[in-house]
Amino acid sequence: MAKSHVSTTVNGDPVEFLCDAPETMLDVLRNTLGLTGTKEGCGTGDCGACSIIVDGRLVCGCLMLAVEATGKSITTIEGIGAPDRLHPVQQAFLEDAALQCGFCTPGFIVAAKALLDRNPDPSETEIRYWLAGNLCRCTGYDKIVRAVQHAAAEMKGQPA
Amino acid sequence: MTYEPKNLRVVGTRPIRHDGADKVTGRANYASDFTLPGMLWGRVLRSPHAHAKVISINTDKAIALPGVKAVITGADLVLPDAGITQAGESAINTQHLAKNLLARDKVFYDGHPVAAVAAISDAIAQQALGLIEVEYEVLPHVIDVDDAVKDDAPLLHDDIFTEGVEPRPEKPSNIAKRIVVAKGDVAKGFAEADFVIERTYTSKPVHQGYIEPQGVVANYAEDGQAMVWCSSQGQFLIRDLCANMLGLETSSLKVIPAEIGGGFGGKTTVYLEPLALMLSKASGRPVKMAMTRGEVLRATGPTSGGSYTTKIGAMKDGTIVAAEVVLKFQAGAFPGSPVGAAVMFCSAPYDIPNLSITGYDVVVNLPKIHAYRAPGAPNGAFAFETVLDELARELKMDPIDFRAKNSAVEGSKSPYGPTHGPLGGIECLSSAKNHPHYKANLGPNQGRGVASGFWINIGGQSAATVVVNRDGTIALVEGCPDIGGTRASLAMMCAEVLGIAAEKVRPSIVDTTAIAFNDVTGGSRVTFATGIAVVQATEDAVRQMRERAAKMWDIDVEQVGWRDGAAQELNGNRSLTIAQIAQKAAKTGGQIMGHASINASGAGPSLTTHLCDVEVDRETGKVTILRYTTFQDAGKAVHPSYVEGQMQGGAAQGIGWALNEEYIHDAQGRLENPGFLDYRMPVASDLPMIDAVIIEVPNPNHPFGVRGVGEAPIVPPLAAIANAIYDATGVRMRDLPFSPPKVLAALEAAEKAKG
């Protein structure tokens, strides 16, 4: 079967790739584009380790076919923060010790950024339900929720 | 090394972890993030049956598929000599390991590997699996532990004769071992007791649930030199097990530790690594393999379920006089459940004069059970701490006072032999009793539960090297994978001894060719044992720097002290910083490097008490955790944030075990919930904040007083939640998990009984 040619945007860069029809966006990010910050924890959309933002919407990379990327704009963990400054969510995760093994962390940071982009002042309950698609087995979520609250406060304090 | 109180400037603070930026940006490389040029993709064919004879395996069609480079089966794996490899808190039988890696004449569980393939793409490798023809003769299977011990149970192995029974049985059995801990006279104790309660409990296997599935890249060269990249809890263990499985010399194999995406004990053995090496050897190419989540759940070791009977007797004044416990644990396909730890530790928070605790290690058609955080202890504590709750109510005593009255303290003899040193059990209980949580009001259908837990912790072998760089910064070289912040805790102890900032120390976890053997990251041992190695290596470097300063000043080394990151002249006011000494190192004797390689003992147990408030929905049976507070003796919290993280994370795993997690099998013994949708681990919206109160009763055997903290937090939640559900509803839940259908059924049964 011939491969499909896809033109898309990843972290602001124009990107082209060839893929087989069954390949997921997660497969292509990790194996074709070398963006291994997006992790595979389950492959069934249950753990959120492969969270990416597609045209402003939070998506599991494992549930999106790579061919669906055509014409879309995709943000991965590698596209969050700048070389001279981490994103406030990343900084808060560091300061608040919101990670242990770190494997789920890219997915949580992508998901938390997507939340704060949409709702800059979420309640604890809103944070917990928004992040319910992301599994962490190490932290019990306490420090993750606090880090997102911390990041929200930091971001409100900053000029838009 | 012994504990001495000190003024601390780094230990006890909360710096940003050294590997933090890598982990919040996606830079950190885990098992499956690595690739090599020319790499093949490997896949495993697994048994669809819980128990079957393998009549034949035909791989001809698979190997003929274009793009397939190698196919292996159990026939390609030479059975190693019988032997035991220590893996932290587990002991690995190498012959059983080989039979688990690739089935030989029998498959013992749904998911048992029977063959593996390497091909030029993952898609071709998967296609090739479908071309392998395996003929099975399906056998009756057994999973439930009480069924497996029956005389007419399907027999898994014809060469297992129960150990620990005299005389040696004549017939083979699924009971691999019987273990007994006893002291005093239990019959006499029960005869004296004013109150005696006996209850039976069951639980199902639960999985460690690390989010990173096992993955590996192996590269086997023509000269027999091989490299393995994988995530594990110990690169040296992986090296030794792989060398054993493939008959390699230790020096032929280099294992590079990837970042590890959670382990909880489950990554203290091998599943894919030897297969990837065999496929690489057969194909002459590097081979990458990674498990799917379904494979992780079907074929990597969960921890045991089982059945447990506890009988405890107490006097009217609350003194416990006797306890008798029988614990039957599922071992999975091969012997080796953690029942021994449950036997030794289920009663260990308490000092009980008459004890009889018996454990049975029972093989069943499940994946080989493997270590999971305080292995065995949560099961044992579930069956013990719930009876204590019932007794406290009979005695009309506060459950915390009841536990405190019977607590083991310094000088009491532990059930497993040694006499206790300083212990924090009483401190945890009194801190819990005085906490606002314990006094807060509860509403209708709400209840509060208390439970305590004990974990022994281990020491073991660790090595560390402290390299002094010319600018005065430090390279800290160590060999224990960092699962939860040990780079930070080790670097902080190094910085404390040197008198510099933690940020000036860069910790690295190196491959098996770059440092002496280290035991695994397990047994809550790294901040304790590797911490001692780091302190000794740092002290070695300080000694050398004092010698160099003495040489530079032309005075006796005894005249040189060390303070605030500099050599200080004791009878003068000259000082030399680390950088000033290091810059002259070439002329004063060469570069400066401190080293230590130790086998630490005296880990010091960690005790913990949990408070849990629940609300039970009487219409659905759903149990909601309203409030949760953990109290734990950390000895000394080097980085308090990561100690809290262990306490919170362990509690959350215990909550999942209590409320939802379980292996569910169909009538054929196949796992029905091999995915995170149906194997339901807690998510953020299931939990409240988890308050962590750190108690510090210094461990006399560590320079900063450290005790391991990682495992104890998973011990109390099962019982704490069971006790809270009773407090809320008046219904005792004795069969885990307390999922909504089970709680609802219990509530309805209780209503019916009332009439």
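## A loop residue in chain B

N469(B) touches I474(B), A475(B) and A582(B), leaving aside residues up to four places away in sequence. This comes from a predicted model. N469(B) sits in the loop between β19 (460–468) and β20 (474–478) of chain B.

N469(B) and P740(B) lie 271 residues apart in sequence. In space, C-alpha to C-alpha, N469(B) and P740(B) are 59 Å apart.

## The interface between chains A and B

How many residues of each chain are in contact? Chain A brings 44 residues, and chain B brings 52. The area buried between chain A and chain B is about 3,800 Å². Carbon and sulfur atoms give 59% of that area.

The polar side of the interface can be counted too. Between chain A and chain B there are 26 residue pairs in polar contact, both residues at pLDDT 80 or more. The rule also finds 4 salt bridges across this interface. One salt bridge joins the side chains of E644(B) and K143(A), at 2.5 Å from N to O.

Which helices of chain A supply the side that touches chain B? α1 (25–32), α2 (88–95), α3 (105–118), α4 (124–130) and α5 (142–156) of chain A each supply at least two residues. By class, this side of chain A has 20 nonpolar, 12 polar and 12 charged residues.

## Two domains in chain A

Chain A is assigned domain 1 (4–79) and domain 2 (88–157). Their centres, taken over C-alpha atoms, are separated by 21 Å. The contact takes 15 residues from domain 1 of chain A and 14 residues from domain 2 of chain A.

The two domains bury about 1,100 Å² between them. Carbon and sulfur atoms give 70% of this area. Which three residues supply the most on the domain 1 side? I53(A), L58(A) and I77(A) supply 41% of the area that domain 1 of chain A buries against domain 2 of chain A, more than any other three residues.

Across the interface of domain 1 and domain 2 of chain A, the rule finds 0 salt bridges. There are 4 residue pairs in polar contact across this domain interface, both residues at pLDDT 80 or more. Strand β3 (residues 51–54) of chain A gives the largest share of the domain 1 side, 3 residues. By class, the domain 1 side that touches domain 2 of chain A divides into 6 nonpolar, 6 polar and 3 charged residues.

## Helix α2 of chain A

Why is α2(A) described as largely enclosed by the rest of the structure? The reason is that 6 of its 8 residues are buried. These are P88(A), V89(A), Q90(A), A92(A), F93(A) and L94(A).

What covers the buried residues of α2(A)? The cover includes α3 and α5 of chain A, together with α1 (20–25) of chain B. α2(A) is also among the helices that supply at least two residues of the side of chain A touching chain B. A97(A) follows α2(A), and its phi is positive, near 55 degrees.

Most residues other than glycine have a negative phi, and most peptide bonds are trans. Several places here depart from that pattern.

Y141(A) is not a glycine, yet it has a positive phi of about 75 degrees. Y141(A) lies in the loop between α4 and α5 of chain A. Y141(A) is buried, with a relative accessible area of 1%. F264(B), also not a glycine, has a positive phi near 55 degrees. F264(B) is found in the loop between β13 (253–257) and α8 (273–283) of chain B. F264(B) is buried, with a relative accessible area of 12%.

Chain B also holds cis peptide bonds. The bond from E166(B) to P167(B) is cis, with omega near -10 degrees. P167(B) belongs to the loop between α5 (145–148) and β9 (175–183) of chain B. The bond from L736(B) to P737(B) is cis, with omega near -10 degrees. P737(B) is placed in the loop between α20 (717–729) and α21 (740–754) of chain B.

Technical notes: Residues are numbered from 1 along each chain as its sequence is written. Chains are lettered from A and ligands numbered from 1 in the order in which they are written. Side-chain values use heavy atoms; hydrogens and water are left out. Contact means heavy atoms within 4.5 Å. Buried area is the accessible area (1.4 Å probe) that two parts lose on being put together, summed over both. A polar contact is a pair of N or O atoms within 3.5 Å; within protein, one must be able to donate a hydrogen and the other to accept it, and residues adjacent in sequence count only if both atoms are side-chain atoms. Helices (H or I, at least four residues) and strands (E, at least two) are DSSP runs, numbered from the N terminus. Ala, Val, Leu, Ile, Met, Phe, Trp, Tyr, Cys and Pro count as nonpolar, Asp, Glu, Lys and Arg as charged, and the others, Gly among them, as polar. Domain bounds come from an automatic or database domain assignment. Buried means under 20% relative accessible area, exposed over 50%, partly exposed in between (1.4 Å probe, protein chains only).
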